[in-house]
Amino acid sequence: FESLVKNIDKMPQLSNVAKVMQSLYSSGIDNVDMKKLVRMIESDVMLTANILKIINSPFYGFKNKIYSVSQAVTLFGARKIYGLVIHFAMSDHLKVDTAIYGFNNTQFNEMCILQSSLMMQWYARVNLRDMHILTSLALIMETGKLIVSKELYGSDYLEVYREGFLACENIQEYEKEFLGISSYYLSAILFSHWNLEPLYAEVLKELDPPEVNKVQDQVDTDFIVKQYSDAIDIIRTAINLKEVLTDQSIKKASIKVQKMGLDNEHFEVVALRIKKKYEEQ
C-alpha cells in the first residue's frame, strides 16, 4: 500500500489536453464554454475519434449515429464529456497490461463503458443531474486497478496476485487482504493527485474505507456522498471483473437498489437490455 501511494505521488500530471479540460471546468460545470470545449476536443484527432467511438457504442442506446463533437457535447452534456476526456487521458497515461485480471485491455475498457452505460440509463430516471456526475465517475472508477497492475508487473508478486485474484470470490476483500487497500480507494488517491473533481475522490473513499477510518467515516459522511457511493456500489456489483451482467450479479445489484428505496424492477429492465446488447457483440 505504501509503495503504491508513493508511486502515485511521483506520477507526472495528465496530458496537456486534460489540463486544458480542467481549466475549462475550473469555474464550475455550469459555466463551461461549450464552444471552447468542442474546439479543444476537435484539436486532438485521436481524442475525437475515441469519444465518437464510445458514444456510438450500442451500450449507450442512442438510436441515431453521432458524427460530430458538437453533437456529442449536446447529447452527453459537459459533465459526461469531462469523464470521457479524463478516461482517455488516464488510459494514455497508464499504459499497462490488464491480463493480470483475466481481461485483455480491450475487454477491460469495454467493462468500464458498460459500467458507465448502465449508470446512465438507470439513474436517468432516478435523478438527471446526479446521473451526469455518476456516469462520468462510473467510467473512470476502475483506474486504481491499472495502478495495481502497473505496480505488480515490476514485482515478484505478479503470479501470486494473479492466481489469488482469479480464485477469489470478493474482489475488494482480496485487494484489501493482499494490498492493504482497495483499488477504488487508490483511484480516489490518484484523482486527488491529478486534481480531478473532488467529489469523485470523496465518493470512492466512502466505498471501501480502510478499517481505521470506518467508524469516523460513518459519522462524518455527507448524505449525498453516501447516496452516490451506494449507486456506484450497485454498478460494480452488476458489472465487475468477475461477473459482467450475469443473472446472479444483476440480482445482487437489484437487491441493493431496493435497499436504497429505488425502483429495482426498472434497474433490472435496464441491466437486462444492456446485457442483451453485450451478448450480441
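Which residues are linked with Arg236 in a network of salt bridges? Asp208, Asp233 and Lys256 join Arg236 in that network. The model is predicted. The structure holds twelve salt bridges and 13 aromatic pairs, but zero disulfides.

- Asp208 and Arg236 form a salt bridge, with their closest N and O atoms 2.8 Å apart.
- That pair links distant parts of the chain, 28 residues apart. Asp208 sits in the loop between α12 and α13 (214–220), and Arg236 in helix α14 (residues 223–238).
- Asp208 has a relative accessible area of 7%, so Asp208 is buried.
- Arg236 counts as buried because its relative accessibility is 8%.
- Arg236 also meets Asp233 in a salt bridge, at 2.9 Å from N to O.
- Both Arg236 and Asp233 belong to helix α14. They are three residues apart, about one turn of the helix.
- An α-helix has 3.6 residues a turn, so residues three or four places apart point the same way.
- Asp233 is at 17% relative accessibility, so Asp233 counts as buried.

- Side chains of opposite charge can pair when their charged atoms come close.
- Lys145 and Glu175 meet through their side chains in a salt bridge, 3.8 Å from N to O.
- This pair also links distant parts of the chain. Lys145 lies in helix α8 (residues 143–152), Glu175 lies in helix α10 (residues 171–179), and the two are 30 residues apart.
- Lys145 and Glu175 are both buried.

**Helix α10 and its ends**

- The buried residues of α10 are Ile171, Gln172, Tyr174, Glu175, Lys176 and Leu179.
- At the start of α10, Asn170 places a side-chain oxygen within 3.1 Å of the backbone nitrogen of Gln172.
- Just after α10 comes Gly180, with a positive phi of about 90°.

**Aromatic pairs**

- A search of the whole structure gives 13 aromatic pairs.
- In one of these, the ring centres of Tyr82 and Tyr200 are 6.3 Å apart and the planes are at 55°, so the pair is tilted.
- Tyr82 is in helix α5 (residues 69–93) and Tyr200 in helix α12 (residues 198–207), so their pairing ties together parts that are 118 residues apart in sequence.
- Tyr82 and Tyr200 are both buried.
- The ring centres of Phe165 and Tyr174 are 6.5 Å apart and their planes are at 70°, so this pair is edge-to-face.
- Phe165 is buried, with a relative accessible area of 1%.
- Tyr174 counts as buried at 10% relative accessibility.
- Phe165 and Tyr174 belong to a cluster linked by ring pairs. Tyr101, Phe108, Tyr157, Tyr161 and Phe178 are in this cluster too.

**Charges over rings**

- The charged end of Lys242 sits over the ring of Phe165, 5.4 Å from the ring centre.
- The ring of Phe76 has the charged end of Lys80 over it, 4.8 Å from the ring centre.

**Cysteines**

- For scale, a disulfide needs the two sulfur atoms within 2.5 Å.
- Cys112 is buried, with a relative accessible area of 4%.
- Cys168 is in no disulfide, and its nearest cysteine sulfur is that of Cys112.
- Cys168 counts as buried, at 14% relative accessibility.

**Ser254 in helix α15**

- Is Ser254 buried or exposed? Ser254 counts as buried because its relative accessibility is 2%.
- Ser254 is part of helix α15 (residues 247–259).
- Leaving aside neighbours within four places in sequence, Ser254 is in contact with Asn264, Phe267 and Glu268.
- Ser254 and Glu265 are eleven residues apart in sequence, and their C-alpha atoms are 7.7 Å apart in space.

Notes:
Residues numbered from 1 in each chain as written. Predicted model: local features only at pLDDT ≥ 70, side-chain atom pairs only at ≥ 80, totals over all residues. Heavy atoms only, no water. Phe/Tyr/Trp six-rings, centres within 6.5 Å; stacked < 30°, edge-to-face > 60°. Helix = DSSP H or I, 4+ residues; strand = E, 2+ residues; numbered from the N terminus. Buried < 20%, exposed > 50% of the residue type's maximum accessible area, 1.4 Å probe, protein only. Lys NZ or Arg CZ within 6 Å of the ring centre and 35° of its normal. Salt bridge = Lys/Arg side-chain N within 4 Å of Asp/Glu carboxyl O. Polar contact = N/O pair within 3.5 Å; in protein donor to acceptor, adjacent residues only side chain to side chain. Contact = heavy atoms within 4.5 Å.
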